[in-house]
Each structure stands twice: as structure tokens, then as C-alpha cells.
Amino acid sequence: PQLRLISDYVQFHAERTPDSIAMTLEAEQISYHELSCKVDLIAKALLAGGVNPGDRVAMLANSVPGFMMHFLASASIGATWMGLNPKYRFKELRYVVSDAEPCSILVGCSREDRNFVEEMLGLKEEVSTVRQVVADPGNGIQKGAIPFADWLAAGDSISDEMLQVVRQSVDPHAPALLVYTSGTTGQPKGAMLPHDGLVTAARTQYRYWGAEPLVMQNYFPINHLACEGDVSLFVFINGGTIAFMEEFDVEAVIRQIGSKGLTCWAGLPTTFQMCLDHPEWRNADTSTLQVIAFGGAAAPRALGEELVGILPR
């Protein structure tokens, strides 16, 4: 059904199919019931941290379940969520953070060659709207950053009733997601996408890409609409399973088709070509696939014919 908010589907699926798997990361599995509980906890922490409807909240992370939980929790209280790409250079992070003016930044990943917490604390000094930087365990928590566990525990001060009051006041036409354009004709520009538009897009997409059950992998960066809309919201709103991968890895992508039982396999022409050209492809188990879909660029005719040879739909 067409529900008011993208986040309303958390409770919808949790009530109807609580034990169904909403998302995976390698061996980790998260049911819709578990997702519902975690989204509520994060939403309460956001409210306790002073996030109000209309505020922007940002997350720096790879393509993992935590990003989706943070996104849904933020949207559920009327905030506008935005993803930050760990592959961005600092000046690119500075640009989008300065332009979007988020009030909260969660650091959910780390790299040996960079200190993301230090970088985000630096942006907190530059961008007056940023009130807090929250760091996940193991990501170099340092003075000035709030440990994720402490931030989450502060949400205990928010009652279930208060959370529901805030959620019921959210306008379905309000922006839930902020995505930056590629900036090919100038500086990147923030595109604000509303709840009702995202829901309509996901439900419409199902008419073309629908599979039963709907199981799809997601390795796209969290600042890109392919990650948030074309895969995550599409699968989530329609009650399927998202198989997350932190980054694109051709061998892992090929293995996951069979190991995760993918029914909808989607990507760019380039990623498909890399898979089909890889020696591991001859061992691929494509027996569960029902749909193959590509976007983002034109596919060479030969690639299209090869994909049709694997699966006519």
C-alpha cells in the first residue's frame, strides 16, 4: 500500500512478517522486527540530541545496514538525511557539509590512511550548524566526538509516546533524503526528495523490476541515489531483502548471486561486463535470478545480448 512516510514501512513489515530478513551483511542477518527496534532506538537518540523536523543529518559510512537504519530513523522524525562518501576527498566533504548545513554527523567507518573523526570535528568548527559528531566504536573516537553507545543511551529520555507524536506530525511532502548531483555543469547541487515521491517511485519500480521474493545486492555508495532509492528503498518498501556489500568486489558479487539467492540482479553496464569477463563467472549460480536490470549508462549491444542469454527478463 501507499503509506504516508518511507519509515512507516518499518512497522508495516515488522507487524506482518517480523521474522523475514530485511538486510544482510556477509553472515549478519537483520529481521524486520529487529530493524524496527533499532530504528526506534536511533530515532529517540536523534530527538534527544536535539534533531528537529526540517534539520539535516549526515552519515559517513560504507554500504552497510547501519546506514539504512540511520536514514529511516532520521526520516521518521521529519529530518532530512544525507550520505557522505568515504571516498570523497576532504574538500569534497567540506563542500557538501557546508552547503547542506547538517546539525549532526555520524561517522560509521574508518580507513587506515584517514582520520574521519578528526576531519568531521574540523568541519564542526567550520560549519556552525553542526552541533555534534557521533563516532562508531573503532573509528578513532577522540575528544569532541560522542561515542555511539553514549549517544544511543541518551535516547532513553524519549518516551514511545513522544516519538509517536513527532512521527505523526511529519508531512509526507517533506524532504526525507538529500542527494547531491554530480556537478558536471558546475558545483554539485542538493536535490531534496520527499517521502511520497520516494514511496511512489519504489512502488512503480516494482511493476517493472518486481520479483518474488525480492532479494537484491547493494554495493553502491550511500551518497548516491542508486544506493538509497533504486536498491535500498525499492527493496525495503516492497518487503524484500537487501544484501549489503561495503564496496564493489567482482568475485564477491558473483558468489552472492547464488549464496544470497538474488532474484533481482542490477548494476551498471560496466559492473556487469566485469562480472561476465571474470574467470569466476563460469562457476556462477544464476538459478534464483528472475530479473536483470541495468542503468546509469548505455549498454553495448553485445553485453545486452549476453545478459538476455542468461535471463530473458
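The report covers salt bridges, then cysteines.

This is a predicted model, in which local features need pLDDT of at least 70, side-chain atom pairs count only at pLDDT 80 or more, and totals for chains, interfaces and linings use all residues. Residues are numbered from 1 along each chain as its sequence is written, and side-chain values use heavy atoms, with hydrogens and water left out.

**Salt bridges**

A search of the whole structure gives 10 salt bridges. The term stands for a side-chain nitrogen of Lys or Arg within 4 Å of a carboxyl oxygen of Asp or Glu.

| aspartate 160 | lysine 44 | 2.4 Å |

Start with lysine 44 and aspartate 160, whose closest N and O atoms are 2.4 Å apart. This pair links distant parts of the chain: lysine 44 sits in helix 2 (residues 32-48) and aspartate 160 in helix 7 (residues 160-168), 116 residues apart. Helices (H or I, at least four residues) and strands (E, at least two) are DSSP runs, numbered from the N terminus. Burial is judged by relative accessible area: buried is under 20%, exposed is over 50%, and partly exposed is in between (1.4 Å probe, protein chains only). Lysine 44 counts as buried because its relative accessibility is 14%. Aspartate 160 is at 49%, so it counts as partly exposed.

Aspartate 55 lies in the loop between helix 2 and strand 3 (56-60), and arginine 131 in the loop between helix 5 (116-126) and strand 6 (132-135), so the pair ties together parts 76 residues apart in sequence. Aspartate 55 is buried, at 18% relative accessibility. Arginine 131 is partly exposed, at 44%.

Glutamate 305 and arginine 301 both lie in helix 12 (residues 301-310). They are 4 residues apart, about one turn of the helix. Arginine 301 is exposed, at 69% relative accessibility.

**Cysteines**

How many disulfides does the structure hold? It holds 0. A disulfide is a pair of cysteine sulfur atoms within 2.5 Å. Cysteine 109 is buried, at 7% relative accessible area. For cysteine 275, the closest cysteine sulfur is in cysteine 264, 14 Å away and too far for a bond. Cysteine 275 is buried, at 1% relative accessibility.
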